[in-house]
Amino acid sequence: MDHYQKQNNHPNHSGQHSAGGVSYTSTDSPGLCAFILTLISYLLIVATFPFSLCLCIKVVQEYERAVIFRLGRLLKGGAKGPGIFFIVPCIDSYRKVDLRTVSFDVPPQEILTRDSVTISVEAVVYYRVSDPIAAKNNVEDYSHSTRLLAATTLRNVLGTRNLAEILSERESISATMQSSLDDATDPWGVKVERVEIKDVRLPVQLQRAMAAEAEAAREARAKVIAAEGEQRASRALKEAAEVINESPAALQLRYLQTLNAISAENNSTIIFPLPIDVLTHMIQRNKEDD
């Protein structure tokens with residue numbers, strides 16, 4: 001039976017294979033049976049040459065790497081590729097690992113915020129495999145594990161924030177999630193490149209309450225702006241009255257400007273302003289005649 005000894009922070013020597021910061025070193029020899037099987041496999045390759053090349057030569061793409069196991073043991077030399085590599089039939093098996101960036105949507109998560117508001121949040125995560133050996137040796141399914149961890153991390157991070165912080169600080173929340181996920185998936189040979197908050201859904205009642213609050217705030221601001229405008233207009237009228245009071249002829253000119261503006265609109269009715277002083281003088285003369 002194969003036995004492996006974990007060694008942390010030691011340089012790789014012959015027979016050691018680094019996987020996610022942990023070195024797996026075989027502590028026993030392959031054994032006589034493994035030696036015999038290997039010899040037989042090589043003899044079969046020679047005997048069936050060149051037909052055996054169809055089973056021995058494999059190709060991986062530029063964005064792929066191949067992790068080879070010989071009789072269950074990780075083959076030294078690290079992951080193979082890109083291009084052509086050689087395996088021994090019957091005793092070698094290999095697994096391909098895609099190094100391209102993969103994106104996936106985190107399913108909607110029902111989250112209770114710190115201020116006791118239930119919201120539904122969706123996110124998207126971008127990751128890639130940085131260490132093919134660790135991705136195959138340290139975790140059974142790195143893709144599925146990363147998806148589950150992303151959903152859990154989303155709930156844990158947002159559960160410590162208020163609703164206002166979630167709505168206004170999406171970039172900082174995304175950076176926190178990316179850092180947390182990257183640290184957790186590093187032993188799996190996975191590099192989390194980016195996390196984005198996709199959507200935040202609020203309850204209908206809360207949406208109505210927030211809309212009513214925003215409408216009330218807008219109305220209050222409108223009233224303040226209208227009051228400030230009235231105050232400025234009153235000051236301007238006061239200054240204009242003081243200027244007109246200094247020159248009586250200015251009032252008559254203002255009358256004429258008003259008549260000109262009314263006549264320009266082709267109105268059938270023209271109101272001619274009459275000074276109150278004239279009316280007062282006429283009333284006094286009528287009283288004296290009586």
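A residue is called buried under 20% relative accessible area, exposed over 50%, and partly exposed in between (1.4 Å probe, protein chains only). The model on display is predicted: local features need pLDDT of at least 70, side-chain atom pairs count only at pLDDT 80 or more, and totals for chains, interfaces and linings use all residues. Residues are numbered from 1 along each chain as its sequence is written, and side-chain values use heavy atoms, with hydrogens and water left out.

**Stop 1: Ser 116.** Select Ser 116, in the loop between strand E9 (102-112) and strand E10 (118-129). Strands (E, at least two residues) and helices (H or I, at least four) are DSSP runs numbered from the N terminus. Ser 116 is exposed, at 59% relative accessible area, and has a positive phi of about 65 degrees although it is not a glycine.

**Stop 2: Leu 71.** Move to the loop between E5 and E6, where Leu 71 is placed. Its phi is also positive, near 55 degrees, and Leu 71 is partly exposed at 31% relative accessibility. Most residues other than glycine have a negative phi, and most peptide bonds are trans.

**Stop 3: the cis peptide bonds.** Select Phe 49 and Pro 50, which are joined by a cis peptide bond with omega of about 10 degrees. Pro 50 lies in the loop between H1 and helix H2 (53-56). Then select Gly 81 and Pro 82, also joined by a cis peptide bond, with omega of about 0 degrees. Pro 82 is in the loop between strand E6 (73-74) and strand E7 (83-86).

**Stop 4: salt bridges.** The structure holds 10 salt bridges, each a side-chain nitrogen of Lys or Arg within 4 Å of a carboxyl oxygen of Asp or Glu. Show the side chains of Asp 92 and Arg 70, which meet in one at 2.7 Å, N to O. Asp 92 lies in strand E8 (residues 92-98) and Arg 70 in strand E5 (residues 64-70), so the pair ties together parts 22 residues apart in sequence. Asp 92 is buried at 11%, whereas Arg 70 is partly exposed at 21%.

Next, select Arg 201 and Asp 199, which form a salt bridge at 3.1 Å, N to O. Shared partners join Glu 122, Asp 199 and Arg 201 into one salt-bridge network.

**Stop 5: helix H1.** Finish at Leu 43 in helix H1 (residues 32-47), which is exposed at 53% relative accessibility.
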